[in-house]
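This briefing sets out selected features of the structure shown below.

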Amino acid sequence: MIHKRIIYLSSLLFLSQQVSAQENTITRGQLVKDIGYLKNAIESTPVSPFNKIPKNTFRNQLQKTKLELLKKKNISVFDMYLALQPLIVKLEDGHMELDCTEAFSKLNYLVFPFLFDTSDNSISIKNIKRVYRDLIPNEVAGKKITSINGFSTEKVLNIFNTYTSGESEYRRLYMSNDYLNIYYNFLFNATSNLEVNFQDGSSLKIALLKKMDARKIINEINENDKNKNSQTHTDRKYNYKIVNSKYALLTFNSFFDIKEFTVFLKKMFSDLKAKHIQNLIIDIRSNGGGNSLLGSELLSYFINKPFYQFDKAILKYSEISKQDFFKSTQNTDKQKLEYMNKKNGSSEIKDLSQELVSPKNKEEQYSGKVYLLTSPYTFSSATDFTNAFKYYKVGEVIGEEPGGILVSPGDVVTTYLPNSKLELSITTSKYYSIGAKENDNRGVIPDHNIKADKALDYAIGLVK
């Protein structure tokens with residue numbers, strides 16, 4: 001199956017004229033230097049980058065890709081992305097990817113109108129993007145797709161699985177929603193007239209909006225919302241709502257800003273206690289991770305003894321990790337000096353089971369029932385939080401298996417290929433979640449295996 005994908009996608013390295021007219025090119029010499037930098041970064045920075053494919057296989061495929069690119073008369077940053085990202089995906093490190101978003105955002109690209117549900121190896125329309133909601137009938141939501149611009153469902157899923165980074169096909173397919181604009185403009189025979197055929201025999205034809213036109217419409221919608229004094233918290237990192245006397249809902253979208261989160265939790269749990277709310281639903285279905293300290297802070301309100309989330313971590317030192325560590329304002333001069341003196345290529349095992357987190361005192365702890373909602377988008381630190389939540393029997397996990405696994409790369413740093421300026425996210429460590437075994441590739445299995453979009457309704461049913 002892998003060989004089939006390589007053969008099929010080799011024909012897609014040439015972009016449509018619509019996009020190529022607007023892009024920047026690099027020289028052959030610059031391409032060679034960028035690929036050399038990429039090769040060195042992948043071989044020297046992650047703890048174990050070649051668990052899924054052998055190092056020699058990676059090198060051989062990288063060399064073939066370079067020679068294929070050198071045949072082109074003009075080489076663009078998008079050619080590089082389309083050629084190199086599939087090879088990075090094969091490493092199955094969910095945190096590692098090549099990203100052309102910055103260059104792509106400068107184009108007046110066609111805006112794809114949907115988000116997809118890719119479960120059961122099929123594609124159905126999950127949501128219509130806000131800018132298209134007056135242009136597309138609501139009844140298409142939920143319909144299964146058979147083709148997009150002549151591309152069969154199988155071919156579309158192949159593209160998703162080939163270009164989206166993730167530690168499993170399950171995760172890659174789900175995460176492809178984040179890149180649909182890029183995939184459509186480069187890989188779906190991009191045309192301003194989109195044609196979608198559905199399993200029930202119906203079809204949809206619609207003229208797509210360019211980015212600049214879509215932005216104007218969204219600005220108008222936002223302005224109207226302001227005039228109506230409407231308030232939404234969907235983009236906030238976290239918020240809570242006491243729905244009724246029975247339960248409250250904590251929407252936790254991002255593991256960022258530990259100081260703000262600490263204050264937020266103190267206020268929330270004080271409020272729940274004062275109003276005698278005995279059921280709390282925590283929604284992390286849209287949480288892609290971040291700083292695991294936020295997970296520990298939340299767990300400290302439920303677990304009544306010292307605890308930890310990780311058994312151990314393996315740290316690897318490299319030139320890229322040192323540059324990132326040195327730039328961080330959170331590290332002291334002494335810590336920076338010690339880190340910089342580590343030998344490049346060396347690794348260190350850190351026992352994290354001794355770094356215990358203290359629980360909140362009895363008066364602050366929450367004693368009601370807790371339900372945790374998950375989805376394939378639940379990733380990285382959010383997956384680790386889910387694992388600890390289940391390991392310590394805090395409550396019941398409802399939804400779909402999170403996208404991360406229990407032994408996984410972590411501590412992501414960002415670097416840039418020197419000439420194309422493509423962004424490369426790369427990992428510098430490997431973490432073992434509590435209870436995980438060596439080379440444990442499993443995820444967290446929910447207590448109630450429910451489709452993610454139905455998980456909240458299911459949890460409310462349990463509360464009632």
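In this predicted model, Phe-58 is buried, with a relative accessible area of 1%. Phe-58 forms a tilted aromatic pair with Phe-50, at 5.3 Å centre to centre and 50° between the planes. The structure holds 33 aromatic pairs.

**Aromatic pairs and cluster**

- Phe-255 and Phe-385 form an edge-to-face pair, with 6.1 Å centre to centre and 65° between the planes.
- Phe-255 lies in the loop between strand 11 (248-252) and helix 11 (258-274), and Phe-385 lies in helix 15 (residues 381-391), so this pair ties together parts that are 130 residues apart in sequence.
- Phe-255 is buried, with a relative accessible area of 0%, and Phe-385 is likewise buried, with a value of 0%.
- One aromatic cluster is formed by Tyr-81, Phe-112, Phe-114, Phe-116, Phe-151, Phe-160, Tyr-163, Tyr-179, Tyr-183, Tyr-184 and Phe-188.

**Contact of helix 5 with helix 7**

- The axes of helix 5 (residues 77-89) and helix 7 (residues 153-163) come within 7 Å and cross at roughly 75°.
- Angles of 65 to 115 degrees count as roughly perpendicular, and helix 5 is therefore roughly perpendicular to helix 7.
- On the side of helix 5, the contact involves Tyr-81, Leu-82, Gln-85, Pro-86 and Val-89, which meet Asn-161, Thr-162 and Tyr-163 in helix 7.
- By residue class, the contact of helix 5 with helix 7 divides into 5 nonpolar, 3 polar and no charged residues.

**Strand 6 and its partners**

- Strand 6 (residues 145-148) pairs with strand 8 (residues 193-198) in the antiparallel sense over 3 bridges.
- Within that pairing, Ser-147 stands opposite Asn-197 in strand 8.
- Strand 6 is also joined to strand 7 (residues 151-152) by 2 bridges, and these strands run antiparallel.
- The hairpin of strand 6 and strand 7 has 2 residues between the strands, and in it Asn-149 takes a positive phi near 50°.

- An open sheet is formed by 6 strands in the order 10-11-12-15-16-19, with mixed pairing.
- Its edge strands, each pairing on one side only, are strand 10 (238-242) and strand 19 (448-449).
- Strand 10 pairs with strand 11 in the antiparallel sense over 5 bridges, and Asn-239 stands opposite Thr-251 in strand 11.
- Helix 15 packs on the sheet and touches strand 15 (369-374) and strand 16 (396-399); the direction of helix 15 makes about 145° with that of strand 15.

- Gly-404 is placed in the loop between strand 16 and strand 17 (407-416).
- The relative accessibility of Gly-404 is 3%; buried means under 20% relative accessible area, and Gly-404 therefore counts as buried.
- Apart from its neighbours within four places in sequence, Gly-404 is in contact with Glu-167, Thr-378, Phe-379, Thr-383 and Gly-443.
- Gly-404 and Ser-168 are 236 residues apart in sequence, while their C-alpha atoms are 8.4 Å apart in space.

Conventions: Residues are numbered from 1 along each chain as its sequence is written. This is a predicted model: local features need pLDDT of at least 70, side-chain atom pairs count only at pLDDT 80 or more; totals for chains, interfaces and linings use all residues. Side-chain values use heavy atoms; hydrogens and water are left out. Axes are lines fitted to C-alpha atoms, for helices over the stretch in contact, and angles run from 0 to 180 degrees between N-to-C directions. Helices (H or I, at least four residues) and strands (E, at least two) are DSSP runs, numbered from the N terminus. Angles under 35 degrees count as roughly parallel, over 145 as roughly antiparallel, 65 to 115 as roughly perpendicular and the rest as oblique. Contact means heavy atoms within 4.5 Å. Ala, Val, Leu, Ile, Met, Phe, Trp, Tyr, Cys and Pro count as nonpolar, Asp, Glu, Lys and Arg as charged, and the others, Gly among them, as polar. Two strands pair if DSSP finds at least two bridges between them. Rings of Phe, Tyr and Trp (its six-membered ring) pair if their centres lie within 6.5 Å; planes under 30 degrees apart count as stacked, over 60 as edge-to-face and the rest as tilted. Buried means under 20% relative accessible area, exposed over 50%, partly exposed in between (1.4 Å probe, protein chains only).
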